[in-house]
Amino acid sequence: MAKAIYPGTFDPPTNGHIDIVERAAKAVDFLTVAVVELSSKSTLFSVDERVAMFAESVAHLPNVSVQLYSGLTVDFARDLGASVIVRGLRITSDFEYESEMALMNRRMAGDVETICLFSSLEFQILSSSRVKEVAALGADVSDLVPQNVWGPLVERLKKSQKS
């Protein structure tokens with residue numbers, strides 16, 4: 001068994017993310033959800049809000065923590081003593097992106113392995129971007145995000161539409 005990290009932007013955390021964490025937590029001794037501080041993506045929530053939402057969503061898992069990080073993912077993994085990076089795969093395009101990232105990470109840190117978990121069938125089309133997009137258009141996505149994320153998501157989208 002090993003220590004692992006599950007990195008991402010998680011803006012916001014979805015039930016697909018939680019599914020990957022719950023399954024990964026069974027396969028490793030300790031899992032750190034690594035919420036990237038600075039992302040090339042435009043985020044709806046601050047990094048502190050994303051960390052807090054994710055931490056509340058996985059509070060039932062004793063071998064999981066949630067931390068923010070910046071910089072290279074492999075450096076963060078090494079800082080934590082993690083030898084595994086967990087990634088979730090949904091659709092075919094995820095495979096191409098994740099395989100390129102895994103190969104680059106291996107080039108930089110051969111001692112850190114990437115392990116991909118296939119998304120559960122009900123989460124194959126789920127992404128934070130899609131959740132924000134359809135929620136902003138008025139769709140009920142309460143079954144796609146953890147209960148603690150739904151209220152803040154709706155409120156933030158209302159505020160962003162007013163500005």
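Author: A residue is called buried under 20% relative accessible area, exposed over 50%, and partly exposed in between. The model is predicted, and the account below should be read accordingly.

The largest pocket has a volume of about 1,100 Å³. Its lining comprises 42 residues, and those closest to the centre are Pro-7, Gly-8, Thr-9, Lys-41 and Arg-87. Several elements give two or more residues to this lining: strands E1 (3–8) and E4 (84–89), together with helices H1 (15–27), H4 (92–108) and H5. Helix H4 supplies the largest share, namely 7 residues.

Arg-87 belongs to strand E4. Its relative accessibility is 18%, a value under the 20% limit, and Arg-87 therefore counts as buried. A polar atom of the Arg-87 side chain lies 2.5 Å from the backbone oxygen of Pro-7, and Pro-7 is itself one of the residues closest to the pocket centre.

Ile-91 is partly exposed, because its relative accessibility of 45% falls between the limits of 20% and 50%. The C-alpha atom of Ile-91 is separated by 18 Å from that of Thr-114, the two residues being 23 apart along the chain.

We turn now to the charge pairs. Side chains of opposite charge can pair when their charged atoms come close. The whole structure holds 9 salt bridges. One of them joins the side chains of Arg-90 and Asp-94, at 2.9 Å from N to O. Its two partners fall into separate classes: Arg-90 is partly exposed at 27% relative accessible area, whereas Asp-94 is buried at 10%.

Helix H5, one of the elements of the pocket lining, provides another case. Glu-133 and Arg-130 form a salt bridge in which the closest N and O atoms are 2.5 Å apart. Both residues lie within H5 (residues 128–136), and the 3 residues of separation amount to about one turn of the helix. Glu-133 has 40% relative accessibility and is partly exposed. For Arg-130 the relative accessible area is 45%, which lies between 20% and 50%, so Arg-130 is likewise partly exposed.

The side chains of Arg-156 and Glu-49 meet at 2.6 Å, N to O. Arg-156 is in helix H6 (residues 147–162) and Glu-49 in helix H2 (residues 47–57), so this pair ties together parts that are 107 residues apart in sequence. Arg-156 is partly exposed, with 23% relative accessible area, and Glu-49 is partly exposed at 28%.

To return to the part requested, Arg-87 is a buried residue among those closest to the centre of the largest pocket, and its side chain has a polar atom 2.5 Å from the backbone oxygen of Pro-7.

Technical notes. Residues numbered from 1 in each chain as written. Predicted model: local features only at pLDDT ≥ 70, side-chain atom pairs only at ≥ 80, totals over all residues. Heavy atoms only, no water. Salt bridge = Lys/Arg side-chain N within 4 Å of Asp/Glu carboxyl O. Helix = DSSP H or I, 4+ residues; strand = E, 2+ residues; numbered from the N terminus. Buried < 20%, exposed > 50% of the residue type's maximum accessible area, 1.4 Å probe, protein only. 1 Å grid on protein atoms, 1.4 Å probe; cavity = no way out; pocket = protein on both sides within 12 Å on 5 of 7 lines; lining within 4 Å. Points joined across faces, edges and corners; volume = space filled by probe spheres on them. Polar contact = N/O pair within 3.5 Å; in protein donor to acceptor, adjacent residues only side chain to side chain.
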